[in-house]
Amino acid sequence: MSAFETVIYEKADGIASITLNRPGQLNAYNVRMRDELFEVLGAVTDDPDAGVVILKAAGEKAFCAGADLSEFLTAPPPVFARQARFARDIWQRFINVPQPVIAALHGYVLGSGIEMSLCCDIRLCTEDARFGLPEPGLGIIPAAGGSQTLPRTIGQAAALEFLLSGRWLDAEEARRLKLVNRVVAREYLLPAAEAMARKILSYPRAAVRAAKQAVRRGLDMTLAEGLALEARLAAAARGAP
Ligand code: COA
């Protein structure tokens, strides 16, 4: 069902699955993956049959080992600038997906791997997951939204320590910091993500989407604006079929 090279897109019973598929390179995020993800995210957004999305990755060792170092750090500056602009668009597109998105993480979750997962709404990881942000050590900063999404998820102090210290987190510490919602054994990762997806699918779709929007958009508003947004969305959800 997938015509892509670096991602696999599948859909079954209302669940859309996106699989990062460069296991030989630990699913490092390259230009091709960026272009294909951009397309897939657009397709998911417009797909009335996709009620929930699961983002996962192929191979045993990694969800994603970050940006593909053979491409991103060797490009000349103008190319890099164009890529950075495009990158902003893709992360905005990711965050704007109207369906709940569940990230199923295992093994190495580094750099843009973490950032991709932060564009998702719920994060599950395996006991062997390892989280790291190598960017400052490479002379760059997170550019897949992470400098904004990380502090919004785990708070400013924890985000800055994680980013600036270069220290990696194991699964349990990631859970304590609320970087992930839940840690599960490797064999339960996909079953747990699918069970969560099915539970969400059992609820009225309009209410699910409105709840996501209220939380996601509300976080960028003042409390008064957020309450007004909630009132509008609540009224719309009540009136929706
Ligand atoms: N970009 C491109 N290729 C990558 C990659 C990346 N970020 N991370 C891993 N790979 C490739 C390796 O080059 C290797 O390819 P090869 O088999 O053709 O030599 C393959 O994936 C396996 O990686 P390897 O380093 O052999 O695995 P390991 O278990 O020894 O180490 C890591 C795993 C994650 C510790 C190590 O691969 C690593 O440090 N990767 C870079 C992480 C990084 O700095 N990412 C950038 C974030 S901005």
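Visitor: Before I go on, what am I looking at?
Guide: This is a predicted model, where local features need pLDDT of at least 70, side-chain atom pairs count only at pLDDT 80 or more, and totals for chains, interfaces and linings use all residues. Residues are numbered from 1 along each chain as its sequence is written, and side-chain values use heavy atoms, with hydrogens and water left out.

Visitor: What lies 2.9 Å from a nitrogen atom of the ligand?
Guide: A polar backbone atom of A67. A backbone N or O atom of L69 lies 3.0 Å from a ligand nitrogen. For G24, a backbone N or O atom is 3.4 Å from a ligand oxygen. The cut-off for a polar contact is a pair of N or O atoms within 3.5 Å; within protein, one must be able to donate a hydrogen and the other to accept it, and residues adjacent in sequence count only if both atoms are side-chain atoms.

Visitor: And how much of the ligand does the protein cover?
Guide: 57% of the 860 Å² of accessible area that the ligand has on its own. Areas come from the Shrake-Rupley method with a 1.4 Å probe; for residues, only the protein chains shown count as cover.

Visitor: Switching to N27. Where is it?
Guide: N27 sits in the loop between β2 (15-20) and α1 (31-45). Helices (H or I, at least four residues) and strands (E, at least two) are DSSP runs, numbered from the N terminus.

Visitor: Buried or exposed?
Guide: N27 is buried, at a relative accessible area of 0%. Buried means under 20%, exposed over 50%, partly exposed in between (1.4 Å probe, protein chains only).

Visitor: Which backbone oxygens lie by polar atoms of the N27 side chain?
Guide: That of A58, at 2.9 Å, and that of F63, at 3.3 Å.

Visitor: Last one. How many helices and strands in the chain?
Guide: Ten helices and ten strands. Of the 241 residues, 45% count as buried.
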